[in-house]
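Take a walk through this model, one region at a time. Keep the sequence beside the 3D view as you read.

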Amino acid sequence: QAKGLVLDWRTPPARTYDVLLASDVIYDRQLHQPLLNTLSSLSHDRARIYIGDGGRSATEEFLQLAADRWRLEIVDVDDQPKPDIHVSQYRRIGFFRK
């Protein structure tokens, strides 16, 4: 059963999930680290995390931070690998623990 949550990245709830889905959350550079911390605290080792990103200008910086602790899989709308970042181009980003 799927449930939605509205979260403040600075104070995530104390539980984990098997799957996390988010969209359009990579826009405020000041919240990049809190968002990454929230993804870590809400997920376990085998969790699947996917973020839909519309190509915000802050995405590249976010992905650089994320790559320190996550293996990232970035695909375009046709599920084709899309490692290069272009503003205003939609992509789906999968986060997997290293």
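L39 touches L20, I49, I51, W70, F95 and R97, leaving aside its neighbours within four places in sequence. Contact here means heavy atoms within 4.5 Å. This is a predicted model: local features need pLDDT of at least 70, side-chain atom pairs count only at pLDDT 80 or more, and totals for chains, interfaces and linings use all residues. Residues are numbered from 1 along each chain as its sequence is written, and side-chain values use heavy atoms, with hydrogens and water left out.

L39 is one of the buried residues of helix α1. Buried means under 20% relative accessible area, exposed means over 50%, and partly exposed lies in between (1.4 Å probe, protein chains only). Helices (H or I, at least four residues) and strands (E, at least two) are DSSP runs, numbered from the N terminus.

How much of α1 is covered? Mostly, it is: eight of its 11 residues are buried. They are H32, P34, L35, L36, T38, L39, S40 and L42. These buried residues pack against β1, β2, α2, β3 and β4.

T38 counts as buried because its relative accessibility is 1%. Beyond four places in sequence, T38 touches L7, W9 and P12.

P12 lies in the segment before β1. Is P12 buried or partly exposed? At 29% relative accessibility, P12 counts as partly exposed. P12 touches T38, S41 and L42, not counting residues up to four places away in sequence. P12 and R46 are 34 residues apart in sequence, and their C-alpha atoms are 19 Å apart in space.

Helix α2 comes next. α2 covers residues 59-66, and T59, F62, L63 and A66 are buried there. These four cover an arc of only 95° around the axis, so they sit on the same side of α2. The arc is that of the directions from the helix axis to the C-beta atoms. What do the buried residues of α2 pack against? They meet α1 (32-42), β2 (43-53), β3 (70-75) and β4 (91-97).

L72 is in strand β3. At 23% relative accessibility, L72 counts as partly exposed. L72 and R97 are 25 residues apart in sequence, yet 8.8 Å apart in space, C-alpha to C-alpha.

Two loop residues deserve a stop. D24 is found in the loop between β1 and α1. D24 has a positive phi of about 55° although it is not a glycine. With 36% relative accessibility, D24 counts as partly exposed. S88 is found in the loop between β3 and β4. S88 is not a glycine either, and its phi is positive, near 75°. S88 is exposed, with a relative accessible area of 60%.

Last, look for empty space. Rolling a probe the size of a water molecule over the atoms shows where such space is left. On a 1 Å grid over the protein atoms alone, a pocket is an open set of points where a 1.4 Å probe fits, with protein on both sides within 12 Å along at least five of seven lines; lining residues have an atom within 4 Å of a point. The largest pocket has a volume of about 560 Å³. That volume is the space filled by probe spheres set on the points, with grid points joined across faces, edges and corners.

Which residues lie nearest the centre of the largest pocket? Of the 20 lining residues, they are K3, Y17, V19, L20 and L21. β1 (17-23), α1 and β2 each supply at least two residues of the lining. β1 gives the most, with six residues. The lining divides into 15 nonpolar, two polar and three charged residues. Ala, Val, Leu, Ile, Met, Phe, Trp, Tyr, Cys and Pro count as nonpolar, Asp, Glu, Lys and Arg as charged, and the others, Gly among them, as polar.
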